[in-house]
Amino acid sequence: MRDWIEALAALQRTGTAAVIVTVAAVKGSAPRVAGTRMLVTAGAVQGTVGGGHLEFTAIDIARRQLAGGDAALLRRFPLGASLGQCCGGVVNLLFEPVAAAASWVETLAALRALGDAFVVVTPAHGAAQGGKLFVTRSGMHGTLGTAEADAAATAIARDLLAGDGRGWSSCRDGFRSGVGPADFHIVLFGAGHVGRALIPILGGIPCRVTWVDSRDDAFPAAVPDNVETVLTDAPRG
């Protein structure tokens with residue numbers, strides 16, 4: 001999934017409900033970093049939170065949410081024998097249902113189109129449709145439900161924006177993730193050991209990456225959200 005915001009907006013245009021599955025926090029070894037997102041609908045999945053049993057379980061939870069209400073859910077997953085994973089770390093996943101007509105998706109897409117960094121404040125408990133706050137360096141959009149909650153969340157969001165605007169923080173009531181534009185585009189040729197070493201680094205900076213190779217088995221099973229793999233026998237720059 002090259003851009004989860006574009007993908008979510010496309011689902012909204014077709015009236016398709018979805019669940020955003022977000023890696024909210026990671027401790028120890030885990031397949032994906034905090035802030036990674038996957039979109040789950042009744043019939044499709046876009047993106048990945050790491051594959052394996054963790055992802056199968058996450059998809060199952062998300063689809064049960066689609067059938068049973070709009071409450072956001074935060075779940076903790078030890079990546080050990082009980083889940084059939086060998087990473088050894090711990091992953092917290094936030095499951096956030098998005099109704100087919102959720103008005104905040106349009107706000108999210110509009111802010112992304114402006115090209116400025118912003119912070120999305122998401123309730124970690126309760127009705128996912130009931131409150132969403134977007135904080136920019138100069139303003140705010142939406143509400144978490146009370147002026148007190150909005151003020152507290154905005155203060156923390158502005159602290160994030162004072163840095164690079166792409167941080168991730170948690171608190172008792174929710175999670176705040178910074179969203180910034182993809183500043184530039186990199187085309188990387190070759191998926192050998194050098195390319196595989198570069199991709200995790202490029203996945204953590206604000207850019208789009210097109211990763212090109214001619215070998216069927218060259219690419220790993222999971223890549224960062226800002227990376228698109230291209231399999232071709234005739235690569236061109």
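My entries on helix packing and aromatic rings follow.

I'm working from a predicted model, where local features need pLDDT of at least 70, side-chain atom pairs count only at pLDDT 80 or more, and totals for chains, interfaces and linings use all residues. Residues are numbered from 1 along each chain as its sequence is written, and side-chain values use heavy atoms, leaving out hydrogens and water.

Helix α1. I looked up residues 4-13 and found seven of the ten buried, so α1 is largely enclosed by the rest of the structure. Buried here means under 20% relative accessible area with a 1.4 Å probe, protein chains only. Trp-4, Ile-5 and Leu-8 are among the buried ones. Helices are DSSP runs (H or I, at least four residues), numbered from the N terminus.

α1 against α3. I get an angle of about 140 degrees between α1 and α3 (residues 104-114), with the axes 10 Å apart. Axes are lines fitted to C-alpha atoms over the stretch in contact, and angles run from 0 to 180 degrees between N-to-C directions. On the α1 side, Trp-4, Ile-5, Leu-8, Ala-9 and Gln-12 meet Trp-104, Val-105, Leu-108, Ala-109 and Arg-112 of α3, with contact meaning heavy atoms within 4.5 Å.

Rings. I noted three aromatic pairs (ring centres within 6.5 Å, using the six-membered ring of Trp). Trp-211 and Phe-219 have centres 5.1 Å apart and planes at 70 degrees, so they are edge-to-face (over 60 degrees). Trp-211 is buried at 0% relative accessibility, and Phe-219 is buried at 17%. Trp-104, Phe-118 and Phe-134 make one aromatic cluster.

Key: Phe/Tyr/Trp six-rings, centres within 6.5 Å; stacked < 30°, edge-to-face > 60°. Buried < 20%, exposed > 50% of the residue type's maximum accessible area, 1.4 Å probe, protein only. Helix = DSSP H or I, 4+ residues; strand = E, 2+ residues; numbered from the N terminus.
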